[in-house]
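Work through the exercises below with the sequence and the model open. Each task is followed by a solution in steps.

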Amino acid sequence: MMEAAASSPVVPEALAEATRHQPRARAALLAALASPGHAYIFRGPRGAGKAAAARAFAAELLADGSPDPDDARRRALLDPSPHPDLAWLRPPGAQHLVEDVRESVIRASSLSPAEGGHRVFVIEEAEDLRDESQNALLKTLEEPAPFAHLILICSEPEQLAETILSRCAPVEFGPLAPDAVLEALGRGQEAAAAARLSGGDVGLAGLLLDERGAALRATAEAAARAARSGETPSEPWRGLLDAASEAGQEAGAEEERRLVEEAEEMAKRGRKGKLTREATEQVKRTERRARTQALDLGLALCGAWYRDLAAIASGADDVVLNDDRRAQLAEDAEGLDPAKARAAVEWVLDTRRRLRVNVSEELALEALWLRLAASLAR
């Protein structure tokens with residue numbers, strides 16, 4: 001057990017930086033370092049700094065009892081980390097693989113630490129654990145080894161079973177304020193709009209400012225405005241699907257390049273890399289995940305446009321997210337019943353939810369835009 005400080009504890013440098021805008025999480029993690037538990041869930045919106053805080057927290061756990069604490073901490077903070085007692089899982093596709101969870105967490109958590117007195121297992125995007133993976137984790141959570149610590153990083157805790165949630169100590173993260181996002185991005189009207197649209201996610205705000213993100217935002221804006229124009233083109237949603245497909249193909253190609261490099265490196269060491277079939281499946285999962293995320297982001301941007309229309313039509317201009325598109329928003333909001341704009345937001349959100357359960361993308365989008373045009377057209 002770590003020695004607790006008598007009064008104001010010294011905040012480790014990496015943890016201080018990772019929780020700079022999360023005082024509540026910082027206080028919880030400092031208390032946890034004084035008496036580490038076996039399982040935690042870092043919960044809050046995407047981009048709130050959960051992963052950075054988890055890595056900093058893991059680094060302090062692994063430094064405790066290490067023969068060289070500074071070096072253990074340094075290695076744990078690297079991404080990817082070469083520390084033998086830190087396992088970090090990210091979903092290779094739309095979901096975590098059950099075998100990855102069993103091998104890298106469940107079986108490995110019973111092995112004694114290679115260094116120091118702790119082993120740390122981090123599961124990023126834990127909401128993507130399948131039911132089978134969650135059930136398999138239960139025994140590890142119920143009967144943990146005294147040196148093992150599990151950290152679940154989750155943006156949608158409602159996707160996890162109550163039996164998982166009840167066995168993890170929560171560490172709460174709130175959305176970053178737009179000013180905090182702007183601090184990371186720099187100033188400017190486009191940056192201010194990206195900060196508002198991101199919902200406190202610095203990574204998403206940065207994406208909206210790069211070439212691909214700006215193109216997706218323009219595509220979403222055109223699709224959203226088409227329903228209001230009264231001159232709806234054929235398949236106004238098609239651009240969203242095309243952009244999602246392009247994002248998926250790029251991510252798949254990048255994953256394929258990474259796997260080839262990994263196989264070549266392992267061959268130099270006389271070891272076998274992933275089997276061709278397994279590697280092909282991983283590329284497909286990566287492509288599918290990126291496509292799904294890009295389509296969801298495009299729809300979220302459409303929803304944000306209709307939210308802004310409702311705000312302007314209601315006279316609440318100060319809460320507009322698309323701050324750099326006020327002229328276009330004012331044009332679309334003229335004569336619009338704000339209740340219809342609010343209904344449009346709900347319809348978009350409902351479509352996003354349904355697309356998570358493998359409904360036909362084309363049919364879902366076609367139905368959505370027909371509904372939007374019927375309600376919003378001038």
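**Exercise 1.** Are F42 and F57 buried or exposed?

Solution. The model is predicted, so local features need pLDDT of at least 70 and side-chain atom pairs count only at pLDDT 80 or more, while totals for chains, interfaces and linings use all residues. Residues are numbered from 1 along each chain as its sequence is written, and side-chain values use heavy atoms, with hydrogens and water left out.

Step 1. Take the cut-offs: buried means under 20% relative accessible area, exposed over 50%, and partly exposed in between, with a 1.4 Å probe and protein chains only.

Step 2. Apply them: F42 is buried, and F57 is buried as well.

**Exercise 2.** How many aromatic pairs are there, and which residues do ring pairs link into a cluster?

Solution. Step 1. Rings of Phe, Tyr and Trp (its six-membered ring) pair if their centres lie within 6.5 Å; planes under 30 degrees apart count as stacked, over 60 as edge-to-face and the rest as tilted. The count by this rule is three aromatic pairs.

Step 1. Y40 and F57 make an edge-to-face pair, with 5.3 Å from centre to centre and 85 degrees between the planes. Helices (H or I, at least four residues) and strands (E, at least two) are DSSP runs, numbered from the N terminus. Y40 sits in strand β1 (residues 39–43) and F57 in helix α3 (residues 50–63), 17 residues apart, and the pair links distant parts of the chain. Both Y40 and F57 are buried.

Step 2. The ring centres of F42 and F57 are 6.2 Å apart and the planes stand at 45 degrees, so this pair is tilted. F42 belongs to strand β1 and F57 to helix α3, so the pair ties together parts that are 15 residues apart in sequence.

Step 3. Ring pairs join Y40, F42, F57 and F173 in a cluster.

**Exercise 3.** Which residues of helix α9 are buried, and what do they pack against?

Solution. Step 1. In helix α9 (residues 189–197) the buried residues are A191, A192, A193, A194, A195 and L197. They pack against α8 (178–185), α10 (202–209), α11 and α13 (276–313).

Step 1. Take A195, which has a relative accessible area of 2% and is buried. Neighbours within four places in sequence aside, A195 contacts P178, V181, L182, L185, G200 and A205.

Step 2. R217 lies in helix α11 (residues 211–229) and counts as buried at 8% relative accessibility. Among the residues that R217 touches are A193 and L197.

Step 3. After α9 comes G199, with a positive phi near 65 degrees.

**Exercise 4.** Where does the chain have a cis peptide bond, and what is phi of E235?

Solution. Step 1. The peptide bond from D79 to P80 is cis, with omega near 5 degrees. P80 is in the loop between α4 and β2 (86–89).

Step 1. E235 has a positive phi near 50 degrees and is a residue other than glycine. E235 lies in the loop between α11 and α12 (238–268) and counts as partly exposed at 37% relative accessibility.

Key: Contact = heavy atoms within 4.5 Å.
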